[in-house]
Amino acid sequence: MKRFKLILYSFFILFFTISKSYSLIEVDITRGNLNPLPIAVSPLFQDKVSKIFFEKEINIDDLGSEISKVIENNLKQSGLFNPLSKDAFLQKPDIAHLKPRFEDWSLIKSQALITGKVTAVNEKLKVEFRLWDVLAGREMLALAFTTVPSNWRRVGHIITDKVYERLTGEKGYFDTRIIYVSEEGPKTQRIKKLAIMDQDGFNTKYLTLGNELVLTPRFNPTNQMVTYLSYFRNLPRVYLLDIETGIQEVVGDFPGMTFAPRFSPDGKKIIMSFAKDGNSDIYTMDIENRIVERITNHPSIDTSPSYSPDGKFITFNSDRSGYQQIYVMNSDGSNVKRISFGKGLYGTPVWSPRGDLIAFTKLHKGKFYIGVMRVDGKGERLLTENYYQEAPSWAPNGRVLIFYRETKSNDKGEGFSAKLWSIDLTGYNERMVETETDASDPSWSSLLSN
Amino acid sequence: MNLSNILKNTFLVILLSMVVSACATKKTGTKMDSQIQGDVYTGTDTVEYLAKGVPDRVFFATNETILTTMSRDTLRKQAAWLRENPSVNVVLEGHADERGTREYNLALGERRANAAKDYLMTYGVSADRISVISYGKERPVDSGSNPLSWSKNRRSVTVKAN
């Protein structure tokens with residue numbers, strides 16, 4: 001048997017668990033975009049009857065080709081794959097899907113190939129796809145999905161997740177959404193709205209009108225709820241919003257500002273800061289029975305809490321040492337330990353969904369950094385340096401971080417912008433995430449389908 | 001007017017604007033030094049007045065909530081004015097500059113406004129006449145990205161609520 005291995009080295013055990021004796025191509029996700037895997041995404045084939053149906057139904061002329069573009073773009077943005085130009089493809093999509101002529105695909109230096117077929121079945125969209133190992137000349141994966149035609153972009157994302165998982169050994173993060181704050185207008189009178197979009201920047205929807213200031217939206221990891229800070233009626237309070245129904249409500253009954261909300265990993269509690277008389281402490285509220293618990297009780301500022309994925313610990317930001325630093329405590333507030341000891345100030349700690357790392361913002365000598373450290377504070381790694389950036393949020397597989405970055409304005413206040421950026425845990429593949437308006441405070445959802 | 005005249009005039013305008021902008025740069029330089037003391041804004045650029053001789057705001061050093069001598073002076077004037085006008089209630093709006101993380105800045109703004117509130121209470125203003133709101137770094141008064149702009153934005157502003 002011909003064996004092909006792209007990687008030589010990896011420090012994730014999970015990575016090896018899917019390697020069976022016949023598994024061939026593998027992608028090393030620990031090295032970012034150094035050696036992106038050449039992959040060919042053949043346009044998905046569709047027959048004439050289906051073509052006419054989809055044209056009528058969703059006004060898309062070549063749906064198979066459009067879905068393949070979604071997949072291609074996802075793979076490219078990940079930094080791990082190099083999708084090859086379709087101009088070089090020799091084999092027709094329908095034939096390739098039945099049985100690829102592997103020599104043709106290896107001739108254009110492709111190592112993996114995705115083929116597929118799109119059909120209209122009972123007014124629904126059926127998509128089949130296959131992933132092929134070109135060098136070994138065999139099929140690695142074959143799946144089919146059926147859904148409503150308007151869901152076609154999601155099918156592209158789900159296929160990318162399956163391909164990513166098969167080739168890297170880790171779950172993907174493509175069938176996900178980003179909630180963020182859309183920003184417009186001059187700095188002194190910024191209009192902010194909650195906005196949500198697919199991970200690749202499509203299907204943007206605005207959830208508030210911009211009448212009141214809104215900040216720091218965060219997804220519930222288990223459902224379609226969002227928690228955020230709103231200045232509705234000039235009372236800054238944490239709100240809970242159901243993005244399916246649009247119904248929202250204030251969280252708890254606090255006689256002062258509540259802010260910095262986040263969900264517990266089981267989605268049942270909201271953890272946040274409550275500020276009163278110049279002191280901010282951390283509280284939780286159980287969403288179902290409304291029971292409020294005080295977690296910290298200290299005259300310093302305690303804010304930006306984030307649970308560990310098992311719910312046993314909380315990391316948070318406090319200036320109890322004199323300046324902003326990162327701390328970890330048990331989820332009942334006991335056993336508080338400072339973990340950041342490097343030079344500079346540390347803020348916005350967020351526990352990785354894998355549990356092994358905490359991402360943070362660091363301010364040192366007038367520069368802002370996004371970095372990660374182990375949960376005991378050791379092994380600090382700074383991933384990116386800039387004039388201003390903060391608030392990292394993890395992709396559900398813990399491989400990518402999204403954050404926002406602001407540019408410096410001149411003395412007249414011109415030249416200011418706020419944009420979303422993403423970066424690999426490796427520090428490679430730093431990219432601006434396109435948004436319709438300026439944007440800040442991104443939060444990454446869990447995988448929508450599993 | 002012939003072409004050479006037009007050219008000459010244009011040249012003059014360019015020259016003049018260069019001189020003006022050179023002056024402007026110099027002016028800001030000296031202005032800044034005299035307007036910040038120990039990282040705290042001491043100028044009057046953005047300051048409004050609740051009444052004659054009663055400034056509406058106090059300024060803070062980076063990451064600090066301590067009231068300076070000048071701030072305490074301002075707050076004593078505000079307290080005297082509030083005692084004279086017992087029907088007036090106020091909102092203290094606490095702010096931070098843009099060089100800090102959003103969530104921490106919300107807490108910092110709240111702490112700054114409360115530092116001002118505590119001082120007003122020491123000088124005889126009842127707590128129920130004062131409410132507090134923090135805007136963190138969300139409502140800068142100066143949109144520049146330089147130390148002078150930031151110093152104007154680190155503030156607690158006393159606003160009439162009725």
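Predicted model: local features only at pLDDT ≥ 70, side-chain atom pairs only at ≥ 80, totals over all residues.

Student: What's the strand order in the open sheet of 4 strands in chain A?
Tutor: The order is S9-S8-S7-S30 in chain A, and the pairing is antiparallel. Strands here are DSSP runs of E of at least two residues, helices are runs of H or I of at least four, and both are numbered from the N terminus. Two strands pair if DSSP finds at least two bridges between them.

Student: Which strands stand at the edges?
Tutor: Strand S9 (205-206) and strand S30 (438-444) of chain A do; each has a single partner strand, so one side of each is left without a neighbour in the sheet.

Student: And how many bridges join S7 to S30 in chain A?
Tutor: There are 5 bridges between strand S7 (residues 177-184) of chain A and S30(A), running antiparallel.

Student: Okay, strand S5 of chain A. How many of its residues are buried?
Tutor: Of the 10 residues in strand S5 (residues 124-133) of chain A, 7 are buried, so the strand is mostly covered. Buried means 20 or more other C-beta atoms within 10 Å of the residue's own, exposed means 12 or fewer, and partly exposed is in between, with C-beta atoms placed from the backbone.

Student: What does S5 of chain A pair with on the S4 side?
Tutor: Strand S4 (residues 112-121) of chain A is joined to S5(A) by 10 bridges, antiparallel. A:Ala120 stands opposite A:Leu125 there. The hairpin has 2 residues between the strands, and A:Asn122 takes a positive phi near 50 degrees.

Student: How about S6 of chain A?
Tutor: S5(A) is joined to strand S6 (residues 138-147) of chain A by 9 bridges, again antiparallel. A:Val127 sits opposite A:Phe145 in S6(A). This hairpin has 4 residues between its strands, and A:Gly137 in the turn has a positive phi of about 65 degrees.

Student: Is A:Ser304 buried or exposed?
Tutor: A:Ser304 is buried, because 31 other C-beta atoms lie within 10 Å. A:Asp277 has 13 C-beta neighbours inside 10 Å, so it counts as partly exposed.

Student: Switching topic: how many residues are in the largest nonpolar core?
Tutor: It has 115 residues, and those with the most contacts inside it include A:Ile67, A:Tyr228 and A:Leu401. A core is a set of buried Ala, Val, Leu, Ile, Met, Phe, Trp, Tyr and Cys residues joined through C-beta atoms within 7 Å. Helix H6 (residues 152-168) of chain A gives the largest share, 7 residues.

Student: What touches A:Ile67?
Tutor: Leaving aside neighbours within four places in sequence, A:Ile67 is in contact with residues including A:Leu44, A:Val118, A:Val127 and A:Trp152. Contact means C-beta atoms, placed from the backbone, within 7 Å.

Student: Now chain B. How many residues does it put into the contact with chain A?
Tutor: Chain B gives 22 residues and chain A gives 32. On the chain B side, helix H3 (102-122) and strand S7 (130-136) of chain B give two or more residues each. The largest share, 10 residues, comes from H3(B).

Student: What's H3 of chain B like, covered or exposed?
Tutor: H3(B) is mostly covered, with 18 of its 21 residues buried. From first C-alpha to last it reaches 31 Å, close to the 30 Å expected at 1.5 Å a residue; that expected span is 1.5 Å times one less than the number of residues. After H3(B) comes B:Gly124, with a positive phi near 90 degrees.

Conventions: Residues numbered from 1 in each chain as written. Chains lettered and ligands numbered in written order. Contact = placed C-beta atoms within 7 Å.
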